[in-house]
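Colleague: Can you walk me through this model? I'd like to start with the helices.

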Amino acid sequence: MTAERAGATASTGSPVSEETGPPPTAVAVEFCGEWFPILEGGSLTIGRDADLVVDENPFLHRRLLEIRAFDGLWMLSNVGTRLSVTVSDAAGRLQSWLAPGAKLPLVFGRMSVVFTAGPTTYELTLHTASPPFSETSATSLDGVTTVGQLTLTPSQKLLILSLAEPMLAREGTGMGEIPTNAAAAARLGWAATRFSRKLDNVCEKLERIGVQGLRGDSRTYATNRRVRLVEYAISARLVTRVDLPLLDAPQPSEVDR
């Protein structure tokens with residue numbers, strides 16, 4: 001579904017196409033190939049029935065997010081009551097889990113926002129014209145994937161790829177549905193028990209470095225941890241679109257752990 005404007009006001013500009021690039025305004029939101037500028041002194045709500053309508057998904061709040069200036073800083077607020085939102089810098093080095101009622105200043109020039117409602121995960125990008133902080137490029141090494149203290153084995157990376165594939169395969173920012181354990185295991189050619197065991201290992205590894213939201217009760221745990229794992233992996237750049245060919249390549253031989 002294409003993003004659309006609902007109830008345009010003087011506080012925001014009209015959406016512009018992706019080809020024009022970010023408009024010359026204080027803050028702009030990029031979603032599904034469109035830019036939604038926010039003028040100085042203005043605000044923008046994001047949700048199912050908001051200034052920026054991301055989807056008609058009934059699991060999505062009518063208004064989940066709001067962007068407005070406060071004490072000289074642009075703030076992103078989670079104005080929903082149930083859904084949490086993952087926010088990271090462009091390189092995925094810094095990440096925040098924005099709970100309902102929480103606020104976060106937009107301190108970088110480009111920030112990624114990822115959230116899930118029901119079976120669908122969404123990503124949009126925030127662009128700030130005059131951010132208070134500047135980013136420096138990070139170096140990376142070939143081989144295993146390392147983010148902070150996290151090291152992924154080849155099969156662990158494949159597992160994350162199988163869950164994040166719909167989000168990574170989309171064009172630019174947008175939405176994608178997270179597959180079930182059974183569907184992801186079939187995509188890899190693994191037995192369901194092997195997939196579940198490796199999913200346990202990945203979630204435990206992420207918990208040890210402080211990633212929240214990977215635990216739940218017996219009724220919701222399986223679904224919630226898949227959602228949170230995909231949100232974190234996309235925001236932290238554990239997997240990217242360039243990794244997708246690995247899903248169809250011969251799988252590495254390693255100790256099954």
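Modeller: Terms come first: axes are lines fitted to C-alpha atoms, for helices over the stretch in contact, and angles run from 0 to 180 degrees between N-to-C directions. Helices (H or I, at least four residues) and strands (E, at least two) are DSSP runs, numbered from the N terminus. This is a predicted model, where local features need pLDDT of at least 70, side-chain atom pairs count only at pLDDT 80 or more, and totals for chains, interfaces and linings use all residues. Residues are numbered from 1 along each chain as its sequence is written, and side-chain values use heavy atoms, leaving out hydrogens and water.

Colleague: At what angle do helix 1 and helix 3 cross?

Modeller: Roughly 100 degrees, and the axes of helix 1 (residues 154-169) and helix 3 (residues 192-208) come within 10 Å. Helix 1 and helix 3 are therefore roughly perpendicular (65 to 115 degrees; under 35 is roughly parallel, over 145 roughly antiparallel, the rest oblique).

Colleague: Which residues in helix 1 meet helix 3?

Modeller: S155, Q156, L159, I160, S162 and L163. Their partners in helix 3 are F195, K198, L199, N201, V202 and K205. Contact means heavy atoms within 4.5 Å.

Colleague: And how far apart are the axes of helix 1 and helix 2?

Modeller: They are 9 Å apart, and helix 2 covers residues 181-188. The packing angle is about 120 degrees, so helix 1 and helix 2 are oblique to each other.

Colleague: Which residues in helix 2 meet helix 1?

Modeller: A184, R187 and L188. On the helix 1 side are L158, L159, S162, L163 and E165.
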